2 protein chains.
Amino acid sequence: MELHYLRNMIKVCIIGGGNVAFHLTRQFLKAENIALVQLYNRSLEAIIPFKKQLDIINDISKLADADVYIIATSDNAIQEVSKQIPSKNSLVVHTSGSISMESLSHNNRKGVFYPLQSLSKSKEVDFSEIPICIEAGNEKDLQLLEHLASSLTQKIYKISSEQRQYLHVAAVFVNNFVNHLYYIGNQICKDNHISFEILYPLIQETAHKIKDLDPKSAQTGPAKRNDTLTIENHLKLLSTKEKELYQLLTSSIKDIYEKTL
Amino acid sequence: MELHYLRNMIKVCIIGGGNVAFHLTRQFLKAENIALVQLYNRSLEAIIPFKKQLDIINDISKLADADVYIIATSDNAIQEVSKQIPSKNSLVVHTSGSISMESLSHNNRKGVFYPLQSLSKSKEVDFSEIPICIEAGNEKDLQLLEHLASSLTQKIYKISSEQRQYLHVAAVFVNNFVNHLYYIGNQICKDNHISFEILYPLIQETAHKIKDLDPKSAQTGPAKRNDTLTIENHLKLLSTKEKELYQLLTSSIKDIYEKTL
């Protein structure tokens, strides 16, 4: 790739070999106004699939010049990796939901470029549907990140490090914990020789509903109605751990609607 | 409606004025091989919208002859209403997820016709996507219900009263409790001036994922990774009730993956 092709394009280096690095690399390779100049990872093995399309390296001291360095490593590695980037006064961003912008090394300008979606390598995603949360130390860098994000999605949100912590814990509730409730539903079905498929339409409907109705209005069921008889019957059917969850979630729902009455 | 139109059609009376009665009435009015002969409700007000399309009554002793009577009332009313149906030895079914078939009066043959979806009058539904769980006291009645259900959907499941109890509690986990976790996510966002919309794509993806991947394999996040630092940070951000839920759900997730290690 010769340098004159890169004029007016944002030069990007990606650091990492995990799911986020994988998807960002694929997307930036397709983006017209982005010059993805390098992909670094500690081990080449994870990034070998991109060998033909761009320069891949496993020696961080060989990182090329770029406008933006995107650290898409595990949370634990972000701070250390940010110190090792040889460039000075470039823009260095990480992609984590839970690490503050200030954790990055002072060698460079700082920012965050957080795609809020659960990504796995094996699953194609429509990146235009993925929100990207951006943050930077100054307005110019924020504009640069906005420009970068706009090549991937139209859903761009300016979110501070403090807000991002809360967003991340909210994401744990609506993703990790929700999936765990699917797991419990699946277990109950399995134990009773019921196909979990029967519940798919209800699961999809529950997720779609909140786009039209806020979750408080969308709530239904025995806890909301304070239908003690049904609740008692349900508790008899559950294992100890399931029962604990059922009781705490029921009491948490009751709290909302009792306050309202 | 004259009787010769009804030959070979299943004659149905619906009892109730709530969401399920409303949607079943609408669907059966459209169905070709179903003759919806009457709609009964204690108060005419709720069923007035159907006045032009079929015979609506509020005197249960006036219930017409039918092959199947569908009791789509609240759970509490099912038993009592089943006793009041004047017909003898017809097939009487209820539409509840949590009431056993045996609760119905012995005056008639018994069955269950349970559409497993969260229905509200204001929301159009694609009924062909809704699973219907059927149960009956004998094979012939089961076939009749299968025939009836097939006019609405292709997703028909034979589910015993015992299984249905478990299915219902599983539905509480994947619908009521999941919606409550959406509520908590929404609250956390609101309190921190973050648009809850940012989480919609993640919520949809979480629900879609389990069609391809069982919930155990789909699980991600700090609890699964046993990422103590992130968990500690999250706990600092939460209110007392949220914290309790976070801790119990986290410990419940940990249990699964620790067992597996």
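**Domain layout and chain contact in the predicted model**

In this predicted model, the C-alpha centres of domain 1 and domain 2 of chain A sit 37 Å apart. The domain assignment places domain 1 of chain A at 3-159 and domain 2 of chain A at 165-260. Contact between the two involves 6 residues of domain 1 of chain A and 5 residues of domain 2 of chain A. On the domain 1 side of chain A, the residues touching domain 2 split into 3 nonpolar and 3 polar, with no charged ones.

Turning to the two chains, the contact draws 69 residues from chain A and 69 residues from chain B. On the chain A side, the elements that supply two or more residues are helix H4 (161-191), helix H5 (200-212), helix H6 (215-218), helix H7 (222-225), helix H8 (228-237) and helix H9 (240-260) of chain A. H4(A) gives the most here, putting in 24 residues. Sorted by class, the side of chain A that touches chain B comes out at 40 nonpolar, 21 polar and 8 charged residues.

As for the nonpolar cores, the largest one counts 152 residues, and A:Ile70 and B:Ile70 are the members that touch the most others in it. Setting aside neighbours within four places in sequence, the contacts of A:Ile70 are with A:Val12, A:Ile14, A:Ile15, A:Leu24, A:Val93, A:Thr95 and A:Phe113.

Note on methods
Residues are numbered from 1 along each chain as its sequence is written. Chains are lettered from A and ligands numbered from 1 in the order in which they are written. This is a predicted model: local features need pLDDT of at least 70, side-chain atom pairs count only at pLDDT 80 or more; totals for chains, interfaces and linings use all residues. Domain bounds come from an automatic or database domain assignment. Two residues are in contact if their C-beta atoms, placed from the backbone, lie within 7 Å. Ala, Val, Leu, Ile, Met, Phe, Trp, Tyr, Cys and Pro count as nonpolar, Asp, Glu, Lys and Arg as charged, and the others, Gly among them, as polar. Helices (H or I, at least four residues) and strands (E, at least two) are DSSP runs, numbered from the N terminus. A nonpolar core is a set of buried Ala, Val, Leu, Ile, Met, Phe, Trp, Tyr and Cys residues joined through C-beta atoms within 7 Å. A residue is buried if 20 or more other C-beta atoms lie within 10 Å of its own, exposed if 12 or fewer, and partly exposed in between; C-beta atoms are placed from the backbone.
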